[in-house]
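Dear colleague,

Please find below the structure that I am handing over to you, together with its sequence. My notes on what was found in it follow directly after.

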Amino acid sequence: MSAVDTGSIPTTAPADGTIARSDMRVIWLLLVAAFVAILNETTMGIAIPHLNTDLGIPPELGQWLTSAFMLTMAVVIPTTGFILQRFTTRQVFIAAMISFSLGTLVSLIAPGFAVLLVGRVIQAVGTGIMMPLLMTTIMNVVPPQSRGRMMGRVGMVISLAPATGPVLAGAVLEVFNWRALFAIILPIALIALAMGIRWMTNLGETRRMPLDVVSIPLAALGFGGIVFGISQLGGEGAGAGATTGVIALVVGVVSLGLFVWRQLVLQRVDDALLDLRVFRSTNFTFSVIIMSILALSMFGTLTLLPQYLQNVVGLESFSAGLILLPGSVLMGLLGPIMGRVYDARGTRPLLIPGTILVSAALFFYSTVSEHTEWWVLVIVQAVMSVGLAMSFTPLFSASLGSLQRSLYSHGSAVLNTMQQVAGAAGVAVLLVTYSAILHSGEEQGLSTALAGAPGARMAFLIAAIISLAAVALSPFVRKPADDAGGEFHGGH
């Protein structure tokens, strides 16, 4: 059993709700680092066709540059509950940025596919740690009455980085080759690392706890197997890919079951790799479920919509990216504003209309055709983005705010893990549905546009129906009375 109570992490925030300057500097460092990491994650999708050509590899092999990144994230994030308690903020940040910077450098100078793949995996290790570190730090140093505002900035990072990545990649690849993407990211990462070495401070005490060596492979096979399985189904949809995906899913589900059982045993003595007592809070549980549904909708839509715009509407990839950009920028800009509303008014004025807007946008997408005007899609995506902005900030704040201080790191690990799994599931479900109907129509002699339109409609309809669960659950998520204040609200 551990010797030091994890609830003893001090906060230097004044009682009036302001944030100490040194703590605010740390938060800004983490926000910048998280933005760069997520930006890097989303640039690779557009670059893969260029990589396939330059490296002389088939598309299914090139896709591993994103699949391996996603798999590594799925394995690393569940361990952050342990990492963030065992090591200091400074140690974790510097280690994560060294990993990310090293991976970027390896990718930049990679002579071939194998080395590039290794570089992407090293990058993903640092990326996987960054978001849980950011959320946990905010919960530890920001006073309850200001957490919404800070979590709004997290929402800004989550929305702006994925939107900027593809557009930036498209513009760079018009002039340079794929190495330029890593050449742009590397100096920014190194500057963030240098700033962290100079200014990052230790914001809490470490907790001496044993590392359960059995839980790590179980987590890797469980979360990794599930993410890999659903990504295989999304990538292939039939044949060998579907078979591999089903096998991976079975292995993942069985391993995840064993992982959960082991954590339930270990958490009795406070030695769990991922403490599942976070789910004793109904508020946290409902928040995670809604967040997962929104992640499924957002990542599925951001993946399927460009496919629809290019294959059905006939736009170029860069133009398709520009259609998504206004909504994502709007979502990012609204994040801090929604945070202030949350701090002042609580969860319901944001979350209930927010989930309704997301669901309404998805239902509209289920009516699109090959003749839908691009400007209509810009408006609908903007409406969906406003709904996501209204939802993410209260969900981040209310979920973690419902936990006692000692469970913040585990709560952020659970939240980010579920986002990864749900996002991968959304991409898989929507793409499998779209691709199956598209190929069926093409086999009947229809053009790609005519065959793809009903596939897009059905895929978006599935997402819209799933989103109704988020609408139904949203009234039950409430802002904790004191936004936790270090107390555990197990039955709320």
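In helix α3, the buried residues are L65, T66, S67, A68, F69, L71, T72, M73, A74 and V76, where buried means under 20% relative accessible area, exposed over 50% and partly exposed in between (1.4 Å probe, protein chains only). Helix α3 covers residues 64–76 and is mostly covered, with 10 of its 13 residues buried. Helices (H or I, at least four residues) and strands (E, at least two) are DSSP runs, numbered from the N terminus. The end C-alpha atoms of α3 are 18 Å apart, which agrees with the 18 Å that its 13 residues should span at 1.5 Å a residue; the expected span is 1.5 Å times one less than the number of residues.

Please note that this is a predicted model, in which local features need pLDDT of at least 70 and side-chain atom pairs count only at pLDDT 80 or more, while totals for chains, interfaces and linings use all residues. Residues are numbered from 1 along each chain as its sequence is written, and side-chain values use heavy atoms, with hydrogens and water left out.

The chain as a whole

The protein chain has 16 helices and 0 strands. Of its 492 residues, 57% count as buried. Among the contacts in the chain with a separation of 6 or more, 84% are between residues 24 or more positions apart; contact means heavy atoms within 4.5 Å.

Helix α7 and its two partners

Helix α7 comprises residues 147–175. Its 29 residues should span 42 Å at 1.5 Å a residue, and its end C-alpha atoms are 42 Å apart, which agrees. Of these 29 residues, 22 are buried, so α7 is mostly covered.

Two packed helices are described by the angle between their axes and the distance between the axes. Here axes are lines fitted to C-alpha atoms, for helices over the stretch in contact, and angles run from 0 to 180 degrees between N-to-C directions. Angles under 35 degrees count as roughly parallel, over 145 as roughly antiparallel, 65 to 115 as roughly perpendicular and the rest as oblique.

Helix α6 (residues 113–141) packs against α7 at an angle of about 165°, with the axes 10 Å apart. The two helices are therefore roughly antiparallel to each other. Their crossing is right-handed; a crossing is right-handed if the near helix is turned clockwise from the far one by less than a right angle, and left-handed if anticlockwise. On the α6 side the contact is made by M131, L134, M135, I138 and M139, and on the α7 side by R147, M150, M151, V154 and I158. By class, this contact has 9 nonpolar, no polar and 1 charged residues. In this classification Ala, Val, Leu, Ile, Met, Phe, Trp, Tyr, Cys and Pro count as nonpolar, Asp, Glu, Lys and Arg as charged, and the others, Gly among them, as polar.

With helix α14 (residues 374–401), the axis of α7 comes within 8 Å and crosses at roughly 125°. That makes α7 oblique to α14, and the crossing is right-handed. R147, G148, M151, G152, V154, G155 and I158 in α7 meet T393, F396, S397 and L400 in α14. The classes in this contact are 5 nonpolar, 5 polar and 1 charged residues.

Two residues of helix α14

T393 lies in α14 and counts as buried, at 1% relative accessibility. Leaving aside neighbours within four places in sequence, T393 is in contact with G148, M151, G152, G335, M338 and G339. S385 is also found in α14 and is buried, at 2% relative accessibility. With the neighbours within four places in sequence again left aside, S385 is in contact with G327, S328 and M331.

S255 has its place in helix α10 (residues 239–266). This serine is buried, with a relative accessible area of 7%. Not counting residues up to four places away in sequence, S255 touches L218, L221 and G222. S255 and S215 are 40 residues apart in sequence and 9.8 Å apart in space, C-alpha to C-alpha.

Helices α5 and α8

The axes of α5 (residues 89–109) and α8 (residues 179–199) come within 9 Å and cross at roughly 160°. These helices are therefore roughly antiparallel to each other, and their crossing is left-handed. The residues that make the contact include F93, M97 and F100 of α5 and F182, L186 and L193 of α8. By class, the contact has 17 nonpolar, 4 polar and 2 charged residues.

With kind regards
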